[in-house]
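Biologist: I'd like to learn how to read the contacts in a model like this one. Could you take me through it?

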Amino acid sequence: MGTLIDIQSLNLYYGTFHALKDVSMDIPEKAITAFIGPSGCGKSTLLRTLNRMNDMIPGTRIEGQIAVGGTDIYSREVDVETLRKKVGMVFQQPNPFPKSIYDNVAYGPRLHGIRSKGKLDEIVETSLRSAALWGEVKDHLKRSALSLSGGQQQRLCIARALAVNPDILLMDEATSALDPISTLKIEELAQDLKDRYTIVMVTHNMHQAARVSNQTVFFLNGEVVEYSDTEKLFSNPRDQRTEDYISGRFG
Amino acid sequence: MSTRGKISGNTPNPFASRRGLNQFNNRLFTLLVWVVGICTVLFICGLLFLILQKGLPKLEWSFLSGLPSEIEEGGGIGPTLFNSIYVLVISLVISIPLGMAAGIYLAEFAPDNKFIAFVRICVEGLASVPSIIFGLFGIAIFVEAFQIGLTILGGAVSLAFLNLPVLTRVTEEAIRAVPIEMKNASFALGGTHLQTILRVLIPVSLNSIITGICLVAGRAFGESAVIILTAGVTTSGEMWDFSLFSPGETLAVHLWYVQSEAIVPDATEIAEKAAAVLVFVVLLINVIFRVPLWLNARKTRV
């Protein structure tokens with residue numbers, strides 16, 4: 001497994017608040033990396049720097065470097081839209097557009113100039129299959145996406161993200177609004193997808209990180225406390241703070 | 001074997017209704033809301049019925065398309081009806097793009113500073129300025145500065161100014177009401193700001209925007225003060241006069257004119273019929289503007 005995302009001494013400020021402190025890490029490709037830590041520890045912030053969604057928050061300032069596939073994504077030549085096409089994102093709340101299931105999945109490809117009906121049909125089917133939703137919705141693609149259940153909506157959002165053919169999929173607490181069965185489905189889906197995509201997920205749920213991820217990063221107050229193989233981090237943490245957190249003493 | 005009644009038996013039912021003051025107030029309030037609601041609906045329906053019932057049965061094609069008469073009986077409303085629609089269309093063509101653009105700017109692009117806050121207060125203020133002020137503004141521009149007299153163009157542009165603040169306000173509110181999650185979804189898929197506005201923000205807020213357009217279209221169709229001052233109380237006397245520089249008396253103005261100034265013997269009947277047509281067209285405008293929404297809703301059945 002090679003490194004796909006290379007973060008070098010990253011500091012991020014919201015105004016005067018120092019949200020990420022000297023973060024450095026390598027994220028391997030075609031694997032699941034989980035960010036865990038208590039609320040406000042900076043894990044979601046770091047995730048959103050990877051597709052530059054933080055750009056939209058006024059007063060955000062970034063120092064350091066993030067390279068994706070060897071390219072500094074904060075350099076002047078980088079086109080944010082192209083970056084986001086390569087680094088897809090799934091949010092905490094399922095957020096389908098109030099359009100049909102088909103139009104939701106086809107939204108991304110259409111943005112990037114694909115017009116042909118045949119091509120779009122193909123993309124919609126492959127993406128929905130990849131998101132394990134095809135069987136449930138193939139007979140009513142014209143129905144409103146809002147008619148789906150929460151878990152289905154979230155898988156639709158994953159299909160929508162996959163439709164633009166990204167290399168990386170960011171999941172920002174993608175199961176925290178879902179019931180246990182839907183959560184399980186999304187976790188299984190993530191396992192399937194990691195053969196083809198590099199997945200970075202933020203989760204509040206340590207057990208989820210332990211179940212699905214290959215690497216786990218533990219954050220505290222904007223700093224990386226520990227980063228190692230998931231198995232090792234949960235069975236034999238190096239840092240006392242990690243141990244306290246995973247054994248439920250705080251957080 | 002057990003019967004449901006048995007459960008409570010002789011013990012007092014813990015769920016028995018308590019006839020406290022709260023319950024009484026609750027019922028009283030519910031009753032009040034119902035009564036007020038029904039009265040209001042009855043009043044509105046009655047008003048509509050009265051207007052339509054007085055005018056509609058006597059309507060003939062000759063009245064709708066005929067020329068108005070100054071002295072004799074039997075004048076029609078053809079040119080004024082045409083002017084009403086013509087002026088309305090021109091004013092909407094001017095005000096919808098401008099109002100929506102301004103609303104989108106305020107919602108999406110405007111920096112969050114004191115100047116923009118001031119602009120917002122001005123827009124809100126302008127939205128509630130009496131229409132006659134816009135009429136005087138129209139006179140100042142078209143009659144006095146440009147010296148083109150009372151024209152359809154002047155009337156339409158002044159009407160557009162009248163509606164601009166409302167449209168701006170409605171669009172801004174509608175765009176702001178779109179959940180941030182949807183905007184983020186579009187950005188995260190690599191959408192540009194323009195693509196996000198055109199493909200997510202406007203379609204999602206279209207319902208509210210169209211409601212706003214219906215409101216201003218209805219108001220513009222029934223507006224008289226602005227038209228009297230800027231387009232005049234006469235028509236060119238021809239049907240289908242598309243010239244922008246003809247005098248542009250509209251139906252609403254004609255209604256006022258026959259009732260207050262005209263000397264035709266059948267003034268009252270003309271007024272009743274004209275009022276019915278006016279109300280009918282306003283209802284029609286509301287239906288027509290909603291057609292795209294219905295089509296849109298049919299495409300994505302829940």
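What follows is a chat about two interfaces and the spans of one chain.

Modeller: First, the ground rules. This is a predicted model, where local features need pLDDT of at least 70, side-chain atom pairs count only at pLDDT 80 or more, and totals for chains, interfaces and linings use all residues. Residues are numbered from 1 along each chain as its sequence is written, chains are lettered from A and ligands numbered from 1 in the order in which they are written, and side-chain values use heavy atoms, with hydrogens and water left out.

Biologist: How many residues does the contact take from chain A and from chain B?

Modeller: Contact means heavy atoms within 4.5 Å. Here 27 residues come from chain A and 20 residues from chain B.

Biologist: And what area do chain A and chain B bury between them?

Modeller: Buried area is the accessible area (1.4 Å probe) that two parts lose on being put together, summed over both. For this pair that's about 2000 Å², with 65% of it on carbon and sulfur atoms. On chain A, the elements giving two or more residues to that side are helix 2 (80-86), strand 6 (87-90), helix 3 (101-111) and helix 6 (150-162). Helices (H or I, at least four residues) and strands (E, at least two) are DSSP runs, numbered from the N terminus.

Biologist: How many salt bridges are there between chain A and chain B?

Modeller: A salt bridge needs a side-chain nitrogen of Lys or Arg within 4 Å of a carboxyl oxygen of Asp or Glu. Between chain A and chain B the count is 0.

Biologist: Where does UniProt place the "transmembrane region" feature in chain B?

Modeller: Such annotations may be inferred rather than shown by experiment. The unreviewed UniProt entry puts it at residues 28-52, 85-106, 118-142, 148-167, 200-221 and 274-295 of chain B. In the model, residues 85-106 of chain B are 100% helix and 0% strand, with end C-alpha atoms 30 Å apart. Residues 118-142 of chain B are 88% helix and 0% strand, and their end C-alpha atoms lie 28 Å apart.

Biologist: Which domains is chain B divided into?

Modeller: Domain bounds come from an automatic or database domain assignment. Chain B has domain 1 (9-57) and domain 2 (59-301), whose C-alpha centres lie 36 Å apart. These two domains bury about 660 Å² between them, 75% of it on carbon and sulfur atoms. In domain 1 of chain B, Ile51(B), Gly55(B) and Leu56(B) lose the most area to domain 2, together 53% of what that side buries.

Biologist: How many salt bridges cross the interface of domain 1 and domain 2 of chain B?

Modeller: The rule finds 1 there. Glu272(B) forms a salt bridge with Lys54(B), and their closest N and O atoms are 4.0 Å apart.
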